[in-house]
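Subject: Structure handover

Hello,

The structure you asked about is below. My notes on what was found in it follow.

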Protein chains: 2
Amino acid sequence: MKIYLAGPDVFLPDAIEVGRRKADICTQYGLTGLYPLDNAVDRSAADPSLAIFRGNEAMMEACDAIIANLTPFRGPGADPGTAYELGYMAGRGKFCLGYSNDPAVYADRLRRIADVKPHAERLVDAEGLTVEDFGLPDNLMLIHALNLHGCALLMPTQAPGDLWHDLTAFEACVRLAAERSRS
Amino acid sequence: MKIYLAGPDVFLPDAIEVGRRKADICTQYGLTGLYPLDNAVDRSAADPSLAIFRGNEAMMEACDAIIANLTPFRGPGADPGTAYELGYMAGRGKFCLGYSNDPAVYADRLRRIADVKPHAERLVDAEGLTVEDFGLPDNLMLIHALNLHGCALLMPTQAPGDLWHDLTAFEACVRLAAERSRS
């Protein structure tokens, strides 16, 4: 089974090393992990961002599954690029797995960085926009996509000290993928 | 042509009215706009968030195209739920359109709310994570998905006074969809 390793990990200072660690874990379970090309494309190319997109899309096509890192990125929710890729893979009928190293529910995540208050039987932010309050860790489309197109989101009981380098929940996804691959 | 009207518009205090305005614009161009069910599902159901997901997914399946509102939502980038839906529709081979009422490039959007600085030939945020710096308004996966699976992102030259209620860029997307539908 080939697995697309999606996540904002590509933005880490040690992005390439993290990708190697993730791919190594896949190998230990008899699977092949493919890591997005964001850091492997020639930045002097005519249109490097388009080259990255084309490479990543081809890689997704070649994969049977995705493991999406949905740890909150620059806000209360998942990285929009990763969310796009999870949607693409769900749309292509691939097996969808995901994890978040932050187990807090969405409203609590937002409370940490912004004002959240009750208003007319809803929770709202400072702009008056509704805050999803279903007790889920992120937008319901992401959470139920995993439930219905693969396996439920995996999360630690407590956030690890290093949100971006702890691969325990990632490895648990790989284990589920390996079970699926044998069945 | 049936168009799925994706966006964080569903979180606005007047979400239902905004959906009605969007659907009316579609009708004026001879198209059918379908608006997500987040505000139309019985909140006392056994699992309302799952009911919303199932309804929205069925609605996406029934549509030929998506118009995604990618205006930044609680951070520098698009709403992750909307990004998921854009990915899903791209994966299903549907015609993909999108707009953002904020025309700023991604690095500038982030600069407004966080520290961004150059470091070793990259731009980084306060956590040291790379800031995409391709002169694009959002994550490259979203922007090029539109370029390659539909039409390039539409944006006003200047952000309108009311980011959430100005439908000029939305209407421009509808016009493109109508042209496509006649061709």
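The copies meet through the same surface, because 100% of the interface residues of chain B are also interface residues in chain A. In this predicted model, local features need pLDDT of at least 70 and side-chain atom pairs count only at pLDDT 80 or more, while totals for chains, interfaces and linings use all residues. Residues are numbered from 1 along each chain as its sequence is written, chains are lettered from A and ligands numbered from 1 in the order in which they are written, and side-chain values use heavy atoms, with hydrogens and water left out.

Contact (heavy atoms within 4.5 Å) joins 54 residues of chain B to 54 residues of chain A. The two chains bury about 4300 Å² between them, 66% of it on carbon and sulfur atoms; buried area is the accessible area (1.4 Å probe) that two parts lose on being put together, summed over both. On the chain B side, Arg74(B), Tyr84(B) and Met141(B) lose the most area to chain A, together 19% of what that side buries.

Chain B superposes on chain A by a rotation of 180° with 0.0 Å of shift along its axis, at an RMSD of 0.0 Å (least squares on the C-alpha atoms of residues with pLDDT of at least 70 in both). The two copies are thus related as by a two-fold rotation axis.

There are 0 disulfides over all chains, a disulfide being a pair of cysteine sulfur atoms within 2.5 Å. Cys96(A) is in no disulfide, and the nearest cysteine sulfur, that of Cys151(A), is 9.8 Å away.

Regards
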